[in-house]
Amino acid sequence: MENFCDKENNAVASWFLGPRAENGYIVRKFYEEIINKLVESRRDKYYPNDPFFITEEMQYSAEYKSNMNSQQELFTELLNKLAEKSVPFWSPRYMGHMAMESTMPSQLGYVAALQYNQNNIGIEGSPLTTLLEIFAGKQLCEMLGFNVHWSENENIYNMEELDYTYTSTELHEIRGWGHITCDGSVANLESIWAARNLKFYSLSLRLAIDNNGPLSFIGSSFKVELANSKKKLFKECSTWELLNLKPTTVLDIPDQLYSEYGIASQFLQDSLKEYTIQTVGKDYLERKFNITKPSVYFASATMHYSWPKGCAIVGIGSKNLKSVPVDNAARMDAKKLDELLLECVNKKQAVYAVVAIMGSTENGACDPLYDIVKLREKYERDHGLSFVIHGDAAWGGYFRSMLVEPPPGTYHVCQKGFEQESDSFVPLLALKPYTQKHLDSLKHCDSITIDPHKSGYIPFPAGSLCYRDQRMRYLNTWTSPVVCRNNELKIGIYGVEGSKPGAAPVAAWFSHEIIGLHQKGYGLLLGQATYSCSKIYCHWATMSTEEDDFIVIPFNMLPAEKLSPPNSKEVEKQKRDIRKLIVGKSNFEIVNNKDATKLIKDLGSDLMINTFACNFKVNGKINEDIDEANYLNRRLFEKFSITSFKGTNEDVPLILTSSQLNQKNYQGCLTNFKDRLGLKGDQDLYVLINVVMSPWVTEFDFLSELTKKFKETLQELVKVSVKRNKVQPRFHSFVMQGIDKPYLTYLPVFQMENHRQQVILTADLPEYIKLQYMEARKMNPSHVYFLRNQYKMKLDDIARDGGSFRGVIYRNIDPNTKKPIVWINNFQVTNVRVLKKRHLATRFQDVHYPKDHMPFYIYGTEQEMHIDHMLLKSPSIQLSAERVKLDLTSGGLTSTQRENGVIAHITDFNEVAMQPFPEIKPFPLTGLPEIPILLPPFSSKSLPEKFENRFFFRRGRTLHVELYEDLIPNSDQNGPGLNNVKEPFAKGTITLPSQDEGSLYVDSYLINEDPAADEERDTNKFVKRPQTKPDRKSEPEWYEECIIS
């Protein structure tokens, strides 16, 4: 340990078992105490004179001993497997998801309470743990800034003296209330349920008042405060005004009715029962009040998937959950929200709620909650529009402890260099001013999701939902007479869940009590982890240099990257400063260097999550293909993750996680990130993520060791990526089509730059070669022949008008070597003419597959026509057929169109509905018995007849077709938009060849397969990767030899 901040480090050390089980001796003592007390409670406390039901005679019986031996044996094996295969959350090497070792008090509380298996659905099944859940909810509400009242005896020591009967003033005071849920998704769901019920409450009340309803007697005098603070007779309010009462106004209505009319809560409940949304449903109320535009929810585009799921469950509908665009830091754009709210005003469309994400899952970004609160005030005042504000602080909620002053008597603050006035590492200042401002605004939210099992370091499962106004929970009340009775302390009747464990709230309460939800407790712990996260950000930001053949770019920009206009020299200077002042320096050196402490507090994300991505260079040029960058980052994730039950956790020295950033959601934010990575295109981006929750990762130069391992692995995988993307002379194979005049259809591979093109050629063969070929084809028309260059060449040197090359024809594969058996070789292919030559890189692909057809190129001579499927998007399928029969019912096809090729839309099938195709390994549909085609996985004796009869692209099949001009003028012009056509110039049918007429070629396997998938760089050669899936043995070897060698 460093010698600064010793008291704080000592305190943190007492809160965990420790990465190396350093506190194992004391935890063992605590566990022994749990079991001793359990035994004592059963033997000596609860009716000690009851008989012993399990006797010594039973315990000495053979059956008893046999079962115990079996239990011991299996238990030992379970413990061994848990130790070997569990994700090591306890280790500083784990930087994956929002998870770390649970705190010692939380584990002790959980294990202790688990022995008694209490059910917090009702106090009948959980007298103590229900009370502790109330305590835990109050603790969270208080930390979040809600008004909470603690009575003098409200603690575990004086619980016998507790009295939860409230005075009228206390009952109606706005006070926070929270409870433990199984997770944040359920907490979010409950908040949606509450916001929906609150939005429609006033409509239900209106129905109970109108038309001689049970509350009609108040109709002539009951007034309510509108969103703009004006008073109006309730029955005269428009539907728009009723839908936009302030949340507090709605929650005040029962108290107002009691105060003004003496209406008891039970009478009000009975009067409203037949009109509430819980009874009649949302659709009924919308029809009754002629609501034609459904109310909407707003949340940041980076929202957790539980939000659309929750809106679907409660009947709001996921399409009525509207995404608000984000800025370059992945935070909600408040200006865009303002525009969307104004649009709702103009349309008279009500808003259920606006959700502020306080610590997004993928980026740790905090939405501008302060601005959202101000926007609500503006729209209530100026436009009469009001809504609930929910804080999704599942991750970020506990960070607010960094803003809470510790109670008097807490141990002294950090030593030299860590005073609050001057140092960035005091928890309060570990938060950026932006983050501090908006976390502080959580106190203005109507409801907040906060997950103790995330940044609370509590065992799973433990989410939580907290309400600023405790009365909001009554909107979701659902009771059962079996478990709930009047005058009982209740917590299980609120929310979604029924039965719920008492152990989870005990764990949360105990950990809160011991550590403290303030700057010197959880604030200290999270402050240290935030420092660690910022320090590893420095490693990611400076890992690559201009000389490297790779780059590592964090999602969150360096301060110098935010300059306008951009200044690359300043960016490089700042990276040099980070290397000099922070990377490789000890904590003590950083803390005692003012320049270092000033710099580090401006780096990284809002809340302790580093998202980053890697890219590579080929011959000094940065890769621009998004799919190839995604490939590299996926391979890195494979190396630094545990995603299989095979192997042990010792196989992974550093554990990260990953995600796919969606272009539609992130929009300009993701485009900016791609630009910084040197990438082009609109595809989604695969990224790596590290979440640092451990306070120890920066000690003993441990962080440098981990990032060094990452860099070494990255350098090796970059060599694989370079191999995939470096254009070099190779062998290139073509399917031969036609008997009278040969056409050559290239066998492409999306995953290799050497073969990442769709090419259709025609060329001349020597007369004697052509005669041999024609004779063989006439004998066996359905057999597929392949032509290949005899000597390695680049594809661009083959596929050029007027070109020539030495060729080889092969027609079968050696069953032992899986290599092609040459039939004819060493001849000159001449007079090459290119019909189509289109690159298949990601940026040249269409965004979507064709929706109402399947496109092909059709080309040939008057005697023989051929087709080849257009490859517009990856993954895809190669479908080639020669000598098809074209029958036109309208229009015609000129000789020029045939020779150059046009586009044929098969209209019987929609490609978008067929993709991705099932894995179809390439096999020629041949009837040549004496020349077996042993292409995997089929032998000459096991051709897939059943499959062939089911697949749409089969012999003799007649398909409807429309012909279009190819509007791309150049044969080598790339997409996207190659299939953008106008009106068809001809219509008719295409009939695929029968076995006696011609050949078919089908492949959805090798065209999409990654030839480097099983390779790693080992010293100076590529070796097979360890398999984490069933071994494919040598199936692709023939293809590697023929196509991509």
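Let me start with what Asn 789 touches. Leaving out residues up to four places away in sequence, Asn 789 touches Arg 730, Phe 731, His 732, Ile 798, Phe 805, Arg 806 and Gly 807. This is a predicted model, so please hear every value as computed.

Asn 789 sits in strand E18, which covers residues 786-789. Is Asn 789 buried or exposed? Its relative accessibility is 1%, and the cut-off for buried is under 20%, so Asn 789 counts as buried. One is the backbone oxygen of Arg 730, which the side chain of Asn 789 reaches at 3.0 Å. Another is the backbone oxygen of Tyr 791, 2.7 Å from a polar atom of the Asn 789 side chain.

Next, Lys 454. An unreviewed UniProt entry lists Lys 454 under "modified residue: N6-(pyridoxal phosphate)lysine". In the model, Lys 454 lies in the loop between strand E8 (447-449) and strand E9 (463-467). Which side chain makes a polar contact with that of Lys 454? Asp 451 does, at 2.5 Å. Setting aside neighbours within four places in sequence, Lys 454 is in contact with Met 98, Ala 394, Trp 395 and Met 693.

Last, Ile 920. This residue is in the loop between helix H31 (911-914) and strand E25 (923-924). Ile 920 is buried, because its relative accessible area is 3%, and buried means under 20%.

How values were computed
Residues are numbered from 1 along each chain as its sequence is written. This is a predicted model: local features need pLDDT of at least 70, side-chain atom pairs count only at pLDDT 80 or more; totals for chains, interfaces and linings use all residues. Side-chain values use heavy atoms; hydrogens and water are left out. Helices (H or I, at least four residues) and strands (E, at least two) are DSSP runs, numbered from the N terminus. Buried means under 20% relative accessible area, exposed over 50%, partly exposed in between (1.4 Å probe, protein chains only). A polar contact is a pair of N or O atoms within 3.5 Å; within protein, one must be able to donate a hydrogen and the other to accept it, and residues adjacent in sequence count only if both atoms are side-chain atoms. Contact means heavy atoms within 4.5 Å. UniProt positions are given in the numbering used here, feature names are shortened, and annotations may be inferred rather than shown by experiment.
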